[in-house]
Every structure is written in structure tokens, then in C-alpha cells.
Amino acid sequence: MKVIIMGCGRVGGRLAGLLATEGHDVTILDLNDYSFRRLPPDFGGTALVGNGTDEDTLKKAGIEQADAFIALTQGDNRNIMACQIAKHIFNVPRVLCRTYDPLRRDLFGSLGIESFSPTTIFSDMIKEKLLKEKP
Amino acid sequence: MYIIIIGGGQVGYYLAKALLDEGHELLVLEKDAARTAFICNELGSVAIRGDGCEMATLEEAGAGRADMFVAVTGDDEDNLVSCQAAKHKFNVPRTVARVNNPKNETIFKKMGIDVTISSTQKILESIEEEVPTHPITHLLDIQEQGLEMVEVKVPPHATTIGKTVKELRLPAGNTLLLVIRGQQKPFAPDEDTVLEAEDEIVAITTPETEEALGTALRGS
């Protein structure tokens with residue numbers, strides 16, 4: 001599977017490494033090449049400096065052949081915009097979006113962007129651990 | 001009309017000022033506290049500090065009763081997302097977004113933003129039109145219909161001089177509105193009007209056919 005990941009933070013870097021190890025064709029984008037230090041030393045994919053909301057950068061990353069696009073930058077709006085470009089301009093079959101703001105996640109979920117909010121996932125998980133699990 | 005402006009930078013501030021002068025009710029949402037205070041000092045309490053992409057802030061700003069929503073921050077992704085929120089969550093009838101990167105106009109349009117204004121494109125066009133040999137001057141965009149009003153000047157040795165409008169190969173859907181000729185009173189041409197050198201012609205065209213219109217009026 002050809003996967004493009006936008007944003008090489010902790011999550012993006014780790015996910016890129018995991019997918020590449022399993023033999024997927026991974027291209028990871030970040031505005032700053034210093035972020036690529038988070039990739040595993042034996043990373044077998046492609047790391048590309050560029051803006052994932054820019055169509056030309058996305059083409060360079062091979063979005064026209066991509067099977068999946070995942071937006072994992074720190075900015076909700078950047079993630080949402082990039083995902084909409086991937087989905088509606090380049091017709092990428094699977095598009096996943098991280099949206100910290102749960103309300104924005106709900107809105108763009110209803111507009112067809114498959115999106116998840118770490119804010120709700122983690123707070124629910126921690127509450128569950130605290131109240132229901134005994135150490 | 002109740003208008004919400006996202007972004008209190010230069011564009012947002014001067015827009016707010018102009019719209020207040022026209023008597024509209026408006027609100028500026030600005031992330032920066034000092035900038036918000038500046039706008040309130042200058043224009044009265046028309047600005048609140050907040051993120052125009054946060055649903056809670058938009059709710060508080062009364063987005064549900066806004067007639068128009070204008071996003072003019074320097075970040076395209078913020079303008080897109082706040083306009084989409086206004087449109088789909090609060091059903092604001094008219095959304096206008098500033099687009100900084102001209103490449104983003106397509107995606108904004110596709111995502112249902114009613115009006116996009118590409119500041120970069122506008123500046124480029126204005127400068128281009130100052131080049132004396134520039135064949136077409138843009139006067140007005142009629143965005144909803146995809147039409148534009150332009151002015152074309154017939155150069156001194158154009159191959160079209162002496163031809164009638166009927167003989168020109170005007171692209172389909174193009175209409176000549178007005179001929180400005182020297183000191184004469186401007187007139188609406190008919191099909192028997194003969195082109196003269198230095199005529200300035202105002203016409204309705206489309207972005208796709210404006211080049212063909214230029215060729216039809218100026219010769220090749």
C-alpha cells in the first residue's frame with residue numbers, strides 16, 4: 001500500500017516506521033527536515049520537506065498513486081485542509097485526519113472526512129483507567 | 001446586515017472600518033489580545049479575542065444569525081475551516097474567504113466557499129495591467145456566473161481596424177458593451193460598428209475566452 005503521512009512528529013514518525021517495516025511504500029512530509037530525526041535509523045521510506053496543503057508538494061510525494069493519506073501535524077486546520085485536498089482533488093481512497101478539537105472533528109466527520117480526536121480518546125481512556133481498573 | 005470578520009490584521013481592520021461606515025453591524029474575531037484591544041480602541045467595541053475556527057467562539061459570536069462571514073487571516077487553512085464551519089454548522093448564507101496562495105482557490109470553491117479573493121492574484125493583475133502593452137484590463141468579476149468585465153484597447157496598427165463588429169470572430173458568450181473613442185461620447189456598438197485605432201472597448205467575457213476575445217479585437 002502506498003501511504004503518505006503529513007507531519008513527522010512523534011506519532012507521524014513512529015507510524016511511518018511501523019508501516020515501512022511491514023513493507024508498505026511510505027512517504028512522510030514535514031515542513032522542517034529536523035523533524036525527520038524522529039524516524040527510525042533504518043527507515044526504508046521517503047522523507048520529503050514540504051507543505052502538505054500544497055498541491056505541487058503532494059504531487060511530488062506521489063499522491064496521485066497513493067492508497068492512503070494521513071494528516072498528523074499539530075494544526076487541526078492544516079490537517080483538515082490537507083485531507084480535503086487529498087480526498088476531493090486527488091481522490092485518495094482512504095484519508096485519515098487527526099483533529100484535536102472534538103467539535104471540529106464532529107463537523108468535518110459529518111462532511112465526510114474520517115477523523116479522530118486524541119483529546120476525547122485519551123481523556124476517556126484515562127478516566128476509564130482511573131475509575132474502573134484497580135492497580 | 002450582521003457581518004462576522006475573522007482576522008483583525010490590516011485587511012480585517014480596514015474592512016471593519018469601511019463596513020461600519022456603511023452602517024452594518026459587525027464583529028471581528030482576532031486571536032491576538034493586543035490587536036483586539038487596538039481595534040476596540042479605534043472602532044469601538046466591535047472586536048472580541050478568540051479563534052474563529054473554534055465552534056464555541058463562533059457560537060458566542062452569534063454566528064447563527066450572521067448574514068455574512070468573511071475570513072481574512074493570513075493563513076489559508078484557517079480561512080477555509082472557519083468558512084466551512086460558518087456554512088455547514090451555522091448556515092451562514094454568504095461566506096467570503098481570502099486566499100493567499102492562488103493555487104488554493106480551486107479547493108476553496110470545491111468546498112463550497114461562496115466567494116474567494118486571492119490577494120496575490122489581485123496584486124499580480126493590478127501590476128500587470130500597469131504594463132503599457134498589456135492587452136486586457138480587468139474591470140470587474142461577476143463570480144457567481146463566472147463572467148468578467150474587461151477593457152481591450154485596439155492598438156494603432158491592429159489588423160482588425162476597419163472591420164465591423166459582425167466581421168470579428170468574437171468567442172461565444174462574449175458581448176461588447178461600450179466603445180470609448182477619443183473625445184466622443186462613449187457608445188454601445190452594434191454589429192455594423194467599424195473598429196478604429198485606439199478604440200477602447202468594454203466587454204463581458206469569461207476567464208476561459210478572454211484571450212480569444214483579445215485576439216478577436218486586436219488581431220493576431
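Predicted model: local features only at pLDDT ≥ 70, side-chain atom pairs only at ≥ 80, totals over all residues.
Biologist: Why is Pro135(B) called partly exposed?

Modeller: Pro135(B) has 17 C-beta neighbours inside 10 Å. A residue is buried at 20 or more and exposed at 12 or fewer, so the count for Pro135(B) falls in between and the residue is partly exposed.

Biologist: Where is Pro135(B) found, and with which residues is it in contact?

Modeller: Pro135(B) is found in the loop between helix H6 (119-129) and strand E7 (136-142) of chain B. Leaving aside neighbours within four places in sequence, Pro135(B) is in contact with Val152(B), Gly214(B) and Arg218(B). The C-alpha atoms of Pro135(B) and Val154(B) are separated by 8.6 Å, although these residues are 19 apart along the chain.

Biologist: What makes Asn91(A) an exposed residue?

Modeller: Asn91(A) has 11 C-beta neighbours inside 10 Å. The cut-off for exposed is 12 or fewer, and therefore Asn91(A) counts as exposed. Its place is in the loop between H3 and strand E5 (94-98) of chain A.

Biologist: How do you know that Asn91(B) is exposed?

Modeller: The reasoning uses the cut-off of 12 or fewer. Asn91(B) has 10 other C-beta atoms within 10 Å, so it is exposed. Asn91(B) is found in the loop between H4 and E5 of chain B.

Biologist: Why are H3(A) and H4(B) called roughly perpendicular?

Modeller: The axes of helix H3 (residues 76-89) of chain A and helix H4 (residues 76-88) of chain B cross at roughly 80° and come within 8 Å. Angles of 65 to 115 degrees count as roughly perpendicular, and therefore the two helices receive that description. On the side of H3(A), the contact is made by Asn77(A), Arg78(A), Ile80(A) and Met81(A). On the side of H4(B), it is made by Glu77(B), Asp78(B), Leu80(B) and Val81(B). By class, these residues divide into 4 nonpolar, 1 polar and 3 charged.

Biologist: How many residues of each chain are in contact with the other chain, and which element of chain A gives the most?

Modeller: 16 residues of chain A are in contact with 14 residues of chain B. On the side of chain A, H3(A) gives the most, with 8 residues. That side has 7 nonpolar, 5 polar and 4 charged residues.

Biologist: What makes strand E1 of chain A mostly covered?

Modeller: In E1(A) (residues 2-6), 4 of the 5 residues are buried. E1(A) is joined by 5 bridges to strand E2 (residues 25-30) of chain A, and by 4 bridges to strand E4 (residues 68-71) of chain A. Lys2(A) stands opposite Asp25(A), and Val3(A) stands opposite Ala68(A). E1(A), helix H1 (residues 10-21) and E2(A) make a right-handed β-α-β unit.

Biologist: Why are E7 and E9 of chain B said to stand at the edges of their sheet?

Modeller: The open sheet of 4 strands has the order E7-E8-E10-E9, with antiparallel pairing. E7(B) and strand E9 (175-180) each have a single partner strand, so one side of each is left without a neighbour in the sheet. Neighbouring strands of this sheet are turned by 20° against each other on average, direction ignored.

Biologist: How do you know that E7(B) and E8(B) are paired?

Modeller: The cut-off is at least two bridges. E7(B) and strand E8 (residues 147-153) of chain B are joined by 6 bridges, so they pair, and they run antiparallel. Ile142(B) stands opposite Leu147(B) in E8(B). Helix H7 (residues 210-218) of chain B packs on the sheet, touching E7, E8 and strand E10 (200-205).

Definitions and conventions:
Residues numbered from 1 in each chain as written. Chains lettered and ligands numbered in written order. Contact = placed C-beta atoms within 7 Å. Axes fitted to C-alpha atoms, helices over the stretch in contact; angles between N-to-C directions. Parallel < 35°, antiparallel > 145°, perpendicular 65-115°, else oblique. Nonpolar A, V, L, I, M, F, W, Y, C, P; charged D, E, K, R; others polar. Right-handed = clockwise from strand over helix to strand, strands pointing away.
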